[in-house]
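These exercises go through one protein model, with a worked solution after each task. Keep the sequence and the 3D view open while you read.

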Amino acid sequence: MLAKGQTVIQLMEKFAPKSLAVDNDKIGLQLGTLNKEITKVLVALDVTPEVVDEAIALGANLIVAHHAIIFRPLANLRTDTPTGALYEKLIKHDIAVYISHTNLDVAEGGMNDWMANLVGIADPKPLEELQSERLFKLVVFVPKTHHQGVLDAILAAGAGAIGNYSHCSFNTEGTGTFLPGDQTNPHLGSVGKLERAEEVRIETVLPENLRSKAVQAMLKAHPYEEVAYDLYALEQKGKSYGLGRIGKLAEPKTLAELTEVVKKGFDVPAARVVGDPERLVKKAAVLGGSGSRYIHHAIRQGADVLITGDIDYHTAHDALMAGLAIIDPGHNSEKIMKREVADLLGRMLAGNGSETTVHASEPNTEPFRFV
(Lines give C-alpha, C1' and ligand atoms only; values in the text may rest on other atoms or scores of the structure.)
Protein backbone atom coordinates (compact mmCIF):
# COMPACT_ATOMS: atom_id res chain seq x y z
CA MET A 1 0.00 0.00 0.00
CA LEU A 2 1.36 3.38 -1.02
CA ALA A 3 1.15 6.28 1.39
CA LYS A 4 -0.88 9.38 0.59
CA GLY A 5 1.04 12.63 0.39
CA GLN A 6 -0.73 13.94 3.47
CA THR A 7 0.39 10.88 5.44
CA VAL A 8 4.03 11.34 4.44
CA ILE A 9 3.98 14.96 5.56
CA GLN A 10 2.12 14.17 8.80
CA LEU A 11 4.96 11.83 9.69
CA MET A 12 7.56 14.44 8.71
CA GLU A 13 5.84 17.09 10.80
CA LYS A 14 5.53 14.73 13.75
CA PHE A 15 9.34 14.80 13.83
CA ALA A 16 9.81 18.45 12.79
CA PRO A 17 6.56 20.34 13.61
CA LYS A 18 5.95 23.52 11.64
CA SER A 19 5.40 25.31 14.96
CA LEU A 20 9.17 25.09 15.60
CA ALA A 21 10.06 27.20 12.54
CA VAL A 22 11.19 30.80 12.99
CA ASP A 23 8.79 33.54 11.93
CA ASN A 24 8.36 34.02 8.17
CA ASP A 25 10.41 30.97 7.27
CA LYS A 26 9.36 29.55 3.90
CA ILE A 27 8.34 26.03 4.87
CA GLY A 28 5.62 23.56 3.96
CA LEU A 29 4.25 22.53 0.57
CA GLN A 30 5.63 24.96 -2.01
CA LEU A 31 4.66 23.31 -5.26
CA GLY A 32 2.26 20.59 -6.39
CA THR A 33 -0.29 18.62 -4.41
CA LEU A 34 -0.23 16.09 -1.59
CA ASN A 35 -3.62 14.73 -2.59
CA LYS A 36 -2.14 11.70 -4.30
CA GLU A 37 -0.36 8.42 -3.60
CA ILE A 38 3.38 8.80 -3.21
CA THR A 39 5.46 6.21 -5.01
CA LYS A 40 8.88 7.41 -3.88
CA VAL A 41 10.18 10.32 -1.82
CA LEU A 42 13.46 12.03 -2.66
CA VAL A 43 15.17 13.90 0.19
CA ALA A 44 17.40 16.77 -0.96
CA LEU A 45 19.23 19.75 0.49
CA ASP A 46 18.52 21.93 -2.56
CA VAL A 47 16.13 21.51 -5.47
CA THR A 48 18.28 22.04 -8.55
CA PRO A 49 17.76 20.90 -12.17
CA GLU A 50 20.03 17.91 -11.45
CA VAL A 51 17.93 16.93 -8.43
CA VAL A 52 14.70 17.23 -10.43
CA ASP A 53 16.18 15.02 -13.18
CA GLU A 54 17.17 12.54 -10.46
CA ALA A 55 13.59 12.50 -9.13
CA ILE A 56 12.21 11.88 -12.64
CA ALA A 57 14.66 9.02 -13.29
CA LEU A 58 13.89 7.52 -9.87
CA GLY A 59 10.13 7.81 -10.30
CA ALA A 60 9.75 9.98 -7.20
CA ASN A 61 6.71 12.23 -7.08
CA LEU A 62 7.56 14.06 -3.85
CA ILE A 63 10.74 15.94 -2.95
CA VAL A 64 11.34 16.80 0.70
CA ALA A 65 14.00 19.52 0.73
CA HIS A 66 15.70 21.72 3.31
CA HIS A 67 16.07 24.88 1.24
CA ALA A 68 13.04 26.62 -0.24
CA ILE A 69 12.51 26.81 -4.00
CA ILE A 70 10.22 29.84 -3.59
CA PHE A 71 11.97 32.18 -1.20
CA ARG A 72 10.69 35.54 -2.43
CA PRO A 73 7.26 36.50 -3.84
CA LEU A 74 6.98 35.66 -7.54
CA ALA A 75 6.45 38.60 -9.90
CA ASN A 76 5.67 36.19 -12.73
CA LEU A 77 5.96 32.54 -13.72
CA ARG A 78 7.85 32.69 -16.99
CA THR A 79 9.11 29.34 -18.21
CA ASP A 80 11.86 30.92 -20.31
CA THR A 81 13.88 31.68 -17.16
CA PRO A 82 16.01 29.09 -15.30
CA THR A 83 13.78 29.19 -12.23
CA GLY A 84 10.58 29.14 -14.25
CA ALA A 85 11.87 26.18 -16.27
CA LEU A 86 12.56 24.34 -13.01
CA TYR A 87 8.99 24.89 -11.81
CA GLU A 88 7.65 23.85 -15.22
CA LYS A 89 9.52 20.55 -15.18
CA LEU A 90 8.31 19.77 -11.65
CA ILE A 91 4.71 20.51 -12.59
CA LYS A 92 4.82 18.55 -15.87
CA HIS A 93 6.11 15.48 -14.01
CA ASP A 94 3.68 15.92 -11.10
CA ILE A 95 6.46 16.23 -8.52
CA ALA A 96 5.43 18.01 -5.33
CA VAL A 97 8.02 19.93 -3.29
CA TYR A 98 7.79 20.19 0.50
CA ILE A 99 10.23 22.27 2.57
CA SER A 100 11.37 21.55 6.13
CA HIS A 101 13.86 24.24 7.09
CA THR A 102 14.28 25.90 10.49
CA ASN A 103 11.76 23.52 12.01
CA LEU A 104 14.16 20.71 11.04
CA ASP A 105 17.06 22.73 12.49
CA VAL A 106 15.26 23.27 15.81
CA ALA A 107 13.67 19.81 16.15
CA GLU A 108 14.96 17.52 18.85
CA GLY A 109 17.17 15.01 17.06
CA GLY A 110 17.20 17.25 13.96
CA MET A 111 19.81 19.15 11.98
CA ASN A 112 21.60 20.87 14.84
CA ASP A 113 21.65 17.71 16.97
CA TRP A 114 23.10 15.77 14.03
CA MET A 115 25.81 18.41 13.76
CA ALA A 116 26.48 18.31 17.50
CA ASN A 117 26.80 14.53 17.43
CA LEU A 118 29.24 14.62 14.51
CA VAL A 119 31.40 17.19 16.29
CA GLY A 120 31.32 15.28 19.60
CA ILE A 121 29.36 17.68 21.81
CA ALA A 122 28.11 15.97 24.96
CA ASP A 123 24.65 16.94 26.29
CA PRO A 124 24.07 19.81 23.80
CA LYS A 125 21.71 22.69 24.63
CA PRO A 126 20.14 25.27 22.26
CA LEU A 127 22.47 28.13 21.32
CA GLU A 128 19.49 30.49 21.02
CA GLU A 129 16.28 29.50 22.77
CA LEU A 130 13.22 30.29 20.65
CA GLN A 131 10.49 28.72 22.72
CA SER A 132 9.85 26.32 25.57
CA GLU A 133 7.00 23.97 26.33
CA ARG A 134 4.23 25.17 28.62
CA LEU A 135 3.75 22.67 31.40
CA PHE A 136 0.47 21.73 33.04
CA LYS A 137 -0.46 19.80 36.17
CA LEU A 138 -3.23 17.23 35.83
CA VAL A 139 -4.99 16.24 39.06
CA VAL A 140 -7.75 13.64 39.12
CA PHE A 141 -9.64 11.82 41.86
CA VAL A 142 -10.35 8.14 41.20
CA PRO A 143 -11.81 5.28 43.29
CA LYS A 144 -9.14 2.95 44.68
CA THR A 145 -10.53 0.07 42.64
CA HIS A 146 -9.66 1.86 39.38
CA HIS A 147 -6.56 3.76 40.52
CA GLN A 148 -3.95 1.74 38.65
CA GLY A 149 -5.95 1.56 35.42
CA VAL A 150 -6.50 5.33 35.28
CA LEU A 151 -2.88 6.05 36.22
CA ASP A 152 -1.59 3.68 33.54
CA ALA A 153 -3.82 5.34 30.91
CA ILE A 154 -2.58 8.83 31.78
CA LEU A 155 1.08 7.82 31.73
CA ALA A 156 0.66 5.82 28.51
CA ALA A 157 -0.61 9.03 26.89
CA GLY A 158 2.79 10.62 27.57
CA ALA A 159 2.17 12.45 30.84
CA GLY A 160 4.63 12.25 33.72
CA ALA A 161 7.91 13.14 31.98
CA ILE A 162 10.36 15.24 34.01
CA GLY A 163 13.75 15.64 32.36
CA ASN A 164 15.09 12.18 31.60
CA TYR A 165 12.57 10.54 33.95
CA SER A 166 9.22 9.18 32.80
CA HIS A 167 6.08 7.87 34.56
CA CYS A 168 6.37 10.49 37.32
CA SER A 169 3.27 10.91 39.48
CA PHE A 170 2.16 11.46 43.08
CA ASN A 171 -0.70 9.46 44.56
CA THR A 172 -2.51 10.24 47.80
CA GLU A 173 -5.33 8.25 49.38
CA GLY A 174 -8.32 10.06 50.87
CA THR A 175 -12.08 10.18 51.12
CA GLY A 176 -14.30 11.70 48.46
CA THR A 177 -17.91 12.71 48.97
CA PHE A 178 -20.75 13.23 46.50
CA LEU A 179 -24.53 13.15 46.40
CA PRO A 180 -26.00 11.75 43.14
CA GLY A 181 -28.88 13.84 41.75
CA ASP A 182 -32.17 12.62 40.24
CA GLN A 183 -30.82 12.51 36.65
CA THR A 184 -27.65 10.58 37.48
CA ASN A 185 -26.53 7.00 37.00
CA PRO A 186 -23.73 6.76 39.60
CA HIS A 187 -20.95 4.17 39.47
CA LEU A 188 -20.95 4.23 43.28
CA GLY A 189 -23.73 5.05 45.71
CA SER A 190 -27.43 5.70 45.24
CA VAL A 191 -29.51 8.61 43.95
CA GLY A 192 -30.32 11.07 46.71
CA LYS A 193 -27.90 9.54 49.22
CA LEU A 194 -24.58 11.13 50.28
CA GLU A 195 -21.75 8.77 49.35
CA ARG A 196 -18.33 8.56 50.98
CA ALA A 197 -15.80 6.79 48.75
CA GLU A 198 -12.20 5.71 49.22
CA GLU A 199 -10.35 7.51 46.45
CA VAL A 200 -6.84 8.30 45.27
CA ARG A 201 -5.69 11.75 44.16
CA ILE A 202 -3.37 11.36 41.14
CA GLU A 203 -1.07 14.26 40.25
CA THR A 204 1.22 14.38 37.24
CA VAL A 205 2.80 16.86 34.85
CA LEU A 206 2.43 17.10 31.08
CA PRO A 207 3.34 19.45 28.21
CA GLU A 208 0.71 21.57 26.51
CA ASN A 209 0.65 19.49 23.34
CA LEU A 210 -0.42 16.39 25.32
CA ARG A 211 -3.25 17.99 27.28
CA SER A 212 -6.10 16.72 25.12
CA LYS A 213 -4.59 13.26 24.64
CA ALA A 214 -3.94 12.73 28.36
CA VAL A 215 -7.34 14.04 29.46
CA GLN A 216 -9.18 11.89 26.91
CA ALA A 217 -7.22 8.81 28.01
CA MET A 218 -8.04 9.58 31.64
CA LEU A 219 -11.75 10.08 30.96
CA LYS A 220 -11.94 6.85 28.96
CA ALA A 221 -10.38 4.81 31.78
CA HIS A 222 -12.27 6.53 34.63
CA PRO A 223 -15.42 4.76 35.88
CA TYR A 224 -17.29 7.85 37.10
CA GLU A 225 -20.11 9.47 35.16
CA GLU A 226 -18.80 12.90 36.18
CA VAL A 227 -15.03 12.99 36.67
CA ALA A 228 -13.53 15.42 39.18
CA TYR A 229 -10.23 16.66 37.77
CA ASP A 230 -8.16 19.85 37.55
CA LEU A 231 -5.80 21.01 34.83
CA TYR A 232 -3.74 24.13 35.50
CA ALA A 233 -0.70 25.88 34.06
CA LEU A 234 2.64 25.78 35.86
CA GLU A 235 5.28 28.48 36.16
CA GLN A 236 8.09 26.03 35.39
CA LYS A 237 9.38 25.81 31.83
CA GLY A 238 9.29 22.55 29.97
CA LYS A 239 11.65 21.42 27.24
CA SER A 240 13.49 24.24 25.47
CA TYR A 241 13.69 24.48 21.68
CA GLY A 242 16.05 26.69 19.75
CA LEU A 243 18.56 27.20 16.96
CA GLY A 244 22.08 25.84 17.17
CA ARG A 245 23.59 23.69 19.90
CA ILE A 246 26.31 24.32 22.47
CA GLY A 247 28.09 22.14 24.99
CA LYS A 248 31.37 20.66 26.12
CA LEU A 249 33.22 18.30 23.81
CA ALA A 250 33.33 14.73 25.05
CA GLU A 251 37.08 14.95 24.47
CA PRO A 252 38.90 18.32 24.27
CA LYS A 253 40.79 18.83 21.02
CA THR A 254 43.04 21.38 19.42
CA LEU A 255 41.35 23.59 16.86
CA ALA A 256 43.32 21.80 14.13
CA GLU A 257 42.17 18.38 15.36
CA LEU A 258 38.56 19.52 15.59
CA THR A 259 38.77 20.92 12.05
CA GLU A 260 39.71 17.48 10.77
CA VAL A 261 36.74 15.98 12.64
CA VAL A 262 34.46 18.56 11.00
CA LYS A 263 35.85 17.93 7.50
CA LYS A 264 35.40 14.19 7.83
CA GLY A 265 31.99 14.32 9.55
CA PHE A 266 30.48 16.79 7.09
CA ASP A 267 32.30 15.30 4.10
CA VAL A 268 33.87 18.58 2.95
CA PRO A 269 37.29 18.90 1.27
CA ALA A 270 38.24 22.07 3.16
CA ALA A 271 37.08 24.49 5.84
CA ARG A 272 37.84 28.11 6.62
CA VAL A 273 39.26 28.51 10.12
CA VAL A 274 39.61 31.54 12.40
CA GLY A 275 41.98 31.18 15.37
CA ASP A 276 45.18 29.48 16.50
CA PRO A 277 45.27 25.87 15.19
CA GLU A 278 47.02 24.74 18.43
CA ARG A 279 44.41 26.26 20.72
CA LEU A 280 42.71 23.70 22.97
CA VAL A 281 38.96 23.60 22.42
CA LYS A 282 36.74 22.39 25.26
CA LYS A 283 33.34 23.97 24.57
CA ALA A 284 31.86 24.13 21.07
CA ALA A 285 28.79 25.59 19.40
CA VAL A 286 27.27 24.48 16.09
CA LEU A 287 24.65 26.04 13.86
CA GLY A 288 23.46 24.78 10.49
CA GLY A 289 23.41 27.15 7.54
CA SER A 290 24.51 30.76 7.78
CA GLY A 291 25.61 31.61 11.33
CA SER A 292 27.34 35.01 11.18
CA ARG A 293 24.81 36.69 13.46
CA TYR A 294 25.23 34.04 16.14
CA ILE A 295 28.86 34.68 17.13
CA HIS A 296 27.74 36.80 20.10
CA HIS A 297 25.42 34.03 21.30
CA ALA A 298 28.44 31.71 21.27
CA ILE A 299 30.66 34.25 23.02
CA ARG A 300 28.10 34.97 25.76
CA GLN A 301 27.77 31.26 26.52
CA GLY A 302 31.49 30.70 26.75
CA ALA A 303 32.10 28.73 23.56
CA ASP A 304 35.70 28.29 22.46
CA VAL A 305 34.64 27.69 18.84
CA LEU A 306 31.59 28.17 16.61
CA ILE A 307 31.10 25.72 13.74
CA THR A 308 28.81 27.20 11.09
CA GLY A 309 28.66 28.34 7.47
CA ASP A 310 28.84 31.60 5.53
CA ILE A 311 31.01 33.60 7.92
CA ASP A 312 31.79 36.97 6.34
CA TYR A 313 35.10 38.84 6.54
CA HIS A 314 34.12 41.43 9.16
CA THR A 315 32.37 38.87 11.37
CA ALA A 316 35.55 36.77 11.26
CA HIS A 317 37.55 39.79 12.52
CA ASP A 318 35.00 40.38 15.30
CA ALA A 319 35.27 36.77 16.40
CA LEU A 320 39.06 36.84 16.30
CA MET A 321 39.22 39.95 18.51
CA ALA A 322 36.71 38.42 20.94
CA GLY A 323 38.73 35.23 21.25
CA LEU A 324 36.16 32.99 19.52
CA ALA A 325 37.54 30.45 17.08
CA ILE A 326 35.47 29.61 14.01
CA ILE A 327 35.33 26.60 11.71
CA ASP A 328 33.33 27.29 8.55
CA PRO A 329 32.72 24.11 6.52
CA GLY A 330 30.29 25.96 4.22
CA HIS A 331 26.51 26.14 3.97
CA ASN A 332 26.40 22.93 1.94
CA SER A 333 27.60 20.98 5.00
CA GLU A 334 23.90 20.71 5.84
CA LYS A 335 23.78 17.91 3.26
CA ILE A 336 24.03 15.53 6.23
CA MET A 337 20.25 15.94 6.49
CA LYS A 338 19.66 13.95 3.29
CA ARG A 339 20.65 10.58 4.70
CA GLU A 340 19.29 11.31 8.18
CA VAL A 341 15.83 12.37 6.97
CA ALA A 342 15.65 9.58 4.39
CA ASP A 343 16.42 6.94 7.02
CA LEU A 344 14.04 8.44 9.57
CA LEU A 345 11.12 8.96 7.18
CA GLY A 346 11.69 5.55 5.62
CA ARG A 347 11.44 3.85 9.02
CA MET A 348 8.28 5.75 9.93
CA LEU A 349 6.58 4.83 6.63
CA ALA A 350 7.61 1.19 6.96
CA GLY A 351 6.23 1.20 10.49
CA ASN A 352 2.91 2.35 9.04
CA GLY A 353 2.91 -0.59 6.65
CA SER A 354 3.53 1.61 3.61
CA GLU A 355 5.34 0.49 0.46
CA THR A 356 6.39 4.07 -0.31
CA THR A 357 10.18 4.24 -0.31
CA VAL A 358 12.46 7.14 0.63
CA HIS A 359 15.78 7.95 -1.05
CA ALA A 360 18.61 10.38 -0.27
CA SER A 361 19.51 12.61 -3.21
CA GLU A 362 22.91 11.93 -4.77
CA PRO A 363 23.88 15.03 -6.86
CA ASN A 364 26.34 17.43 -5.25
CA THR A 365 24.60 20.81 -4.93
CA GLU A 366 27.64 22.66 -3.58
CA PRO A 367 27.96 25.75 -5.85
CA PHE A 368 31.58 26.38 -4.89
CA ARG A 369 34.62 24.46 -6.11
CA PHE A 370 37.77 24.15 -4.02
CA VAL A 371 40.84 24.64 -6.21
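**Exercise 1.** Is aspartate 328 buried or exposed?

Solution. The model is predicted: local features need pLDDT of at least 70, side-chain atom pairs count only at pLDDT 80 or more, and totals for chains, interfaces and linings use all residues. Residues are numbered from 1 along each chain as its sequence is written, and side-chain values use heavy atoms, with hydrogens and water left out.

Step 1. Buried means under 20% relative accessible area, exposed over 50%, and partly exposed in between (1.4 Å probe, protein chains only).
Step 2. Aspartate 328 has a relative accessible area of 5%, so the residue is buried.
Step 3. Its side chain meets that of arginine 272 in a salt bridge, at 2.8 Å from N to O. Aspartate 328 belongs to strand S14 (residues 325–328) and arginine 272 to strand S11 (residues 272–274), so that the pair links distant parts of the chain, 56 residues apart. A salt bridge here is a side-chain nitrogen of Lys or Arg within 4 Å of a carboxyl oxygen of Asp or Glu. Helices (H or I, at least four residues) and strands (E, at least two) are DSSP runs, numbered from the N terminus.

**Exercise 2.** Describe the other salt bridges and the exposure of their residues.

Solution. Side chains of opposite charge can pair when their charged atoms come close.

Step 1. The structure holds 19 salt bridges.
Step 2. One of them joins aspartate 80 to arginine 78, at 2.8 Å from N to O. Aspartate 80 is exposed because its relative accessibility is 55%, and arginine 78 is partly exposed at 46%.
Step 3. Another joins aspartate 123 to lysine 125, with the closest N and O atoms 2.7 Å apart. Aspartate 123 is exposed at 59%, while lysine 125 is partly exposed at 42%.
Step 4. Salt bridges also link Arg134, Glu208 and Arg211 in a network.

**Exercise 3.** What is the strand order in the open sheet of eight strands?

Solution. Two strands pair if DSSP finds at least two bridges between them.

Step 1. The order is S8-S9-S7-S10-S12-S13-S14-S11, and the pairing is mixed.
Step 2. Strand S8 (170–178) and S11 are at the edges; each has a single partner strand, so one side of each has no neighbour in the sheet.
Step 3. From one strand to the next, the twist averages 30°. Axes are lines fitted to C-alpha atoms, for helices over the stretch in contact, and angles run from 0 to 180 degrees between N-to-C directions.
Step 4. S10 and S12 run antiparallel and are joined by six bridges; arginine 245 has valine 286 in S12 as its bridge partner.
Step 5. Strand S12 (residues 280–290) and S13 run parallel, joined by five bridges, and leucine 287 has threonine 308 in S13 as its bridge partner.

**Exercise 4.** How many residues of strand S13 (residues 305–309) are buried?

Solution.
Step 1. Five of the five are buried, so the strand is largely enclosed by the rest of the structure.
Step 2. Val305, Ile307 and Gly309 point one way from S13, and Leu306 and Thr308 point the other way.

**Exercise 5.** Follow strand S10 and what lies around it.

Solution.
Step 1. Threonine 254 lies in strand S10 (residues 229–254) and counts as buried because its relative accessibility is 16%.
Step 2. Leaving out residues up to four places away in sequence, threonine 254 touches Pro277, Glu278, Arg279, Leu280 and Val281; contact means heavy atoms within 4.5 Å.
Step 3. Tyrosine 229 is also found in S10, and counts as partly exposed at 33% relative accessibility.
Step 4. Helix H7 (residues 211–221) lies across strand S7 (125–143), strand S9 (195–207) and S10, and runs at about 130° to S10.

**Exercise 6.** Which strands form the edges of the open sheet of five strands?

Solution.
Step 1. This sheet has the order S2-S6-S5-S4-S15, with mixed pairing.
Step 2. The edge strands are S2 (28–31) and S15 (357–360), each pairing on one side only.
Step 3. The twist averages 25° from one strand to the next.
Step 4. Strand S4 (residues 40–44) and strand S5 (residues 62–65) pair in the parallel sense over four bridges. Leucine 42 has isoleucine 63 in S5 as its bridge partner.
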